[in-house]
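Subject: Structure handover

Hello,

Here is the structure for you to look at. My notes on what was found follow below it.

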Amino acid sequence: MKKLILAAAALLAAASLQGQEKVRFMPAWIPQAQFAGYYMAQEKGFYADEGLDVEIINLSISSSTNPLEALAAGEIDICTAQLVQAMIARSKGCPCLNILQTSQNSSLVCISHTPVKDVSDLDGLRIARWKSGHGEHADMACREYGVQPKWEYTLNGINLFISKAIDAMIAYRFSEYLQLLFAKGDIPDENVIDFGKVGFNFPEDAVFTSEDFYNGHKDAAEKFARASIRGWQYASAHRDETVDVVMRYAQENHNNTNRAMQKMMLDEILEIQVDKESGVPTFDHIDMESFVLMNDELSAIGLIDNPVNYKDFIK
């Protein structure tokens, strides 16, 4: 009887997937609360409600895969990445398109061992940053203030910072900042430069697809975006349940983390989704004026040669 029940359940599950469109989705990094909305959209059946059979392809801590490169190669259909990273890739020929802007604000900061009044105090400091990029807002700010830090490129600057081998480090509030809080117990506000508060509050995390996939499966791309918004809304309203799911994803993929860290990360991620003017998560695309400014800033620091066209890139 048990075998018959299991077989019947398998048949029902297979039948429920018939007619659904397969979508290969890759979050930008290892399983963590940064991607909670997509996990909840999968768990609660929001993708299935839209007629999508979504395969979430998670990266491992040792992976060297770049989701935007995988997208361009046709290995996946949809991925997340930071808006600035996608703009740089687009300017270099990557056929990526922005179909959903989740982040509305920047979470990039610089944490110093000593008080820093403004960006000018970073001049000459030995500052750790990621080899993989993700410090472009800091580059923009340093150019604006005319300062030249001594950048130390590394995979992880936390240990260097704790050992005081460097003067400061670039970090995200939802990630490395929280890791330092766990390690140090306190980070004085006067030791932190928030790049979003000094004129560089550009959106970060977003969802991208390729031109080929969008042109051939526009409905699927739009359905994925719509279901993902539902997932983020559910995550915001059910945070404990969401952390449970995030922890399961993390453990299944051997991400060494803890519930307290993921709860704090989720809170931070949801906070940067809140539009400063409306006070609520809008999931709106970046406005044209800010987009043009980003183009100008990226050109000024030498990361793009040809400005990215808003209408061609934002869908």
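The lining of the second largest cavity has four nonpolar, three polar and one charged residues. Here Ala, Val, Leu, Ile, Met, Phe, Trp, Tyr, Cys and Pro count as nonpolar, Asp, Glu, Lys and Arg as charged, and the others, Gly among them, as polar. The lining residues are Ala128, Arg129, Trp130, Thr154, Asn156, Gly157, Met169 and Ile170. S6 gives the largest share, three residues. The space inside is about 30 Å³.

A word on the model. It is predicted: local features need pLDDT of at least 70, side-chain atom pairs count only at pLDDT 80 or more, and totals for chains, interfaces and linings use all residues. Residues are numbered from 1 along each chain as its sequence is written, and side-chain values use heavy atoms, with hydrogens and water left out.

Now the terms for space. On a 1 Å grid over the protein atoms alone, a cavity is a set of points where a 1.4 Å probe fits but cannot get out; a pocket is an open set with protein on both sides within 12 Å along at least five of seven lines; lining residues have an atom within 4 Å of a point. Points are joined across faces, edges and corners, and a volume is the space filled by probe spheres set on them. Helices (H or I, at least four residues) and strands (E, at least two) are DSSP runs, numbered from the N terminus.

The structure holds two cavities of 30 Å³ or more. Strand S10 (205-210) and helix H12 (259-272) are the elements that give two or more residues to its lining. By class, that lining has six nonpolar, five polar and one charged residues. Tyr38 and Trp232 are among the lining residues.

Both also belong to a ring cluster: ring pairs link Phe25, Tyr38, Tyr47, Phe224 and Trp232. Rings of Phe, Tyr and Trp (its six-membered ring) pair if their centres lie within 6.5 Å; planes under 30 degrees apart are stacked, over 60 edge-to-face, the rest tilted. The whole structure has 11 aromatic pairs. Phe25 and Tyr38 have ring centres 5.1 Å apart and planes at 55 degrees, so this pair is tilted. Phe25 is in strand S1 (residues 21-26) and Tyr38 in helix H2 (residues 36-43), 13 residues apart. Both are buried (under 20% relative accessible area; exposed is over 50%, partly exposed in between; 1.4 Å probe, protein chains only).

Arg129 lies over the face of Trp151, at 4.4 Å from the ring centre. Arg173 lies over Tyr177, at 4.9 Å. Tyr177 is in helix H8 (residues 176-184). Tyr177 is buried, at 9% relative accessible area.

Next, the second largest pocket. About 360 Å³ of space lies in it. It has 17 lining residues; Gln104, Asn201, Asp275, Asp287 and Ser290 are the closest to its centre. The lining divides into five nonpolar, seven polar and five charged residues.

Best regards

Note on methods:
Lys NZ or Arg CZ within 6 Å of the ring centre and 35° of its normal.
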